[in-house]
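Colleague: I have a chain open on my screen and would like to talk it through with you. Could you bring it up on your side?

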Amino acid sequence: MAAIISCHYCSSLPSSKLFTPKIPTNHFRFPFSQNNLLSRRFGPRCSAQNPHQKDRRLFSLKECAISTALAVGLLTGVPALDWSANAYAASPVFPDLSVLISGPPIKDPGALLRYALPIDNKAIREVQKPLEDITDSLKVAGVKALDSVERNLKQASRALKQGKTLILSGLAESKKERGIELLDKLEAGMDELQQIVEDRNRDAVAPKQKELLQYVGSVEEDMVDGFPYEVPEEYRNMPLLKGRATVEMKVKVKDNPNLDECVFRIVLDGYNAPVTSGNFIDLVERHFYDGMEIQRADGFVVQTGDPEGPAEGFIDPSTEKTRTIPLEIMVEGEKAPFYGATLEELGLYKAQTRLPFNAFGTMAMARDEFEDNSASSQIFWLLKESELTPSNANILDGRYAVFGYVTENEDYLADVKVGDVIESIQVVAGLDNLVNPSYKIAG
């Protein structure tokens with residue numbers, strides 16, 4: 001068992017310096033050696049089926065020994081290694097993992113985004129949770145799963161009937177009429193799902209569940225009345241996304257007979273990362289990423305954003321200097337993000353990030369090795385197994401600014417390679433949530 005775990009863990013080991021260059025080489029670092037990564041392949045694909053494959057790489061005995069120790073530490077709840085000498089000498093990287101690993105991580109990007117909304121309405125959450133739990137119920141083989149689904153559904157229906165008044169009272173005043181309509185659709189949809197269960201139509205459950213959760217998410221979004229906090233004064237004049245936005249990224253895939261191009265839909269969360277999301281949307285509107293190649297794709301991350309020439313980020317034409325943004329991390333229980341420091345540097349080892357590195361296709365900013373506030377334009381998407389690198393125990397949470405998730409076609413990221421081209425990134429919803437747009441001031 002230990003040998004199997006160690007091989008999986010080699011895919012998430014830090015190098016001896018914790019940070020190594022991306023491709024092409026420059027000063028921006030990402031905390032995993034490319035030589036220590038296992039590539040993953042997924043199906044189905046974007047426009048065709050590919051063989052299910054796994055790229056295998058060789059690992060040194062030392063690396064596997066370290067990864068075995070790390071795996072044992074995660075399973076026993078005891079930190080096996082202290083990486084502080086390689087990261088920040090002031091304190092250890094790993095917190096008390098036995099406290100953090102309290103259950104299976106939420107891996108669905110839609111669920112992560114719903115739970116990340118800045119709302120405090122217990123009634124709607126009591127409707128949401130059993131509907132989310134249907135995903136786990138469907139992991140049971142055959143039609144036996146439907147018995148568990150039915151229990152989930154009854155729990156959600158009961159919560160909706162008992163809490164409807166409280167749910168409606170939590171809606172923003174201007175959105176109550178729409179909220180009533182959404183709750184009516186949710187109630188009718190639950191009746192339809194009940195009929196699906198009674199008909200023992202297992203295949204129809206997941207699509208109906210997705211529909212119901214979309215209603216729930218829309219109701220929860222309508223509970224957010226304005227932007228919930230003030231961004232610190234020093235960042236207040238930067239491009240800020242005060243809300244959420246959706247972009248579509250079209251990638252042209254080269255040298256792949258089974259895949260020509262793919263469109264990834266990405267939801268950016270300005271509630272939890274307004275500066276990071278605003279910076280990205282501003283660059284998208286400048287067409288900064290259009291025509292840019294994928295610069296790293298090693299089975300663990302997909303990365304881009306390094307412009308041609310000596311610059312390692314976006315040069316603002318109005319200042320002729322690289323525009324950088326601060327590290328921005330929102331923590332559960334806090335009303336506003338922390339800026340300019342990792343959670344480790346703040347001593348918040350057990351804090352849970354609101355936007356964790358749980359989902360395949362988690363989107364975050366790359367930054368310089370030793371400078372928290374050096375992110376500019378370089379972005380990456382994470383490909384990983386959440387069970388082996390759980391939230392807040394995976395070296396990334398609290399050290400890099402997550403600001404969105406790929407919500408459609410995320411599995412196809414495994415097919416993207418170095419040299420593939422981003423044909424375009426376009427904002428398809430939420431552009432009106434962007435304030436201080438610099439692209440309108442200087443081209």
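Modeller: What follows is a short talk about confidence, the nonpolar cores and the salt bridges.

Colleague: What kind of model is this, and what is the mean pLDDT of the protein chain?

Modeller: It is a predicted model, with a mean pLDDT of 80 for the protein chain, and 74% of the residues reach 70 or more. Over residues 1–45 the pLDDT is below 50, although this stretch has 155 contacts in the model beyond near neighbours in sequence. The pLDDT is also below 50 over residues 47–102, where the model has 109 contacts beyond near neighbours in sequence.

Colleague: How many helices and strands are there?

Modeller: The protein chain has 10 helices and 19 strands, and buried residues make up 55% of its 443 residues.

Colleague: Which residues have the most contacts inside the largest nonpolar core?

Modeller: They are F264, L268, F280, Y289 and W381, in a core of 49 residues. Among the elements that give two or more residues to this core are β6 (244–252), β7 (261–269) and α10 (274–285), and α10 gives the most, with 5 residues.

Colleague: What is Y289 in contact with, leaving aside its neighbours within four places in sequence?

Modeller: Y289 is in contact with F280, L283, V284, G305, S377, I379, I422 and I425. There is also a second, separate core of 33 residues, which includes A123, L131, L146 and L171.

Colleague: Switching to charges, how many salt bridges does the structure hold?

Modeller: The structure holds 28 salt bridges. One of them joins E220 to R125, with the closest N and O atoms 3.2 Å apart, and this pair links distant parts of the chain, since E220 is in helix α9 (residues 205–221) and R125 in helix α5 (residues 122–132), 95 residues apart.

Colleague: Why does R125 count as buried?

Modeller: R125 counts as buried because its relative accessibility is 19%, and the cut-off for buried is under 20%.

Terms used: Residues are numbered from 1 along each chain as its sequence is written. This is a predicted model: local features need pLDDT of at least 70, side-chain atom pairs count only at pLDDT 80 or more; totals for chains, interfaces and linings use all residues. Side-chain values use heavy atoms; hydrogens and water are left out. A nonpolar core is a set of buried Ala, Val, Leu, Ile, Met, Phe, Trp, Tyr and Cys residues joined through side-chain atoms within 4.5 Å. Buried means under 20% relative accessible area, exposed over 50%, partly exposed in between (1.4 Å probe, protein chains only). Helices (H or I, at least four residues) and strands (E, at least two) are DSSP runs, numbered from the N terminus. Contact means heavy atoms within 4.5 Å. pLDDT is the predictor's confidence in each residue, from 0 to 100. A salt bridge is a side-chain nitrogen of Lys or Arg within 4 Å of a carboxyl oxygen of Asp or Glu.
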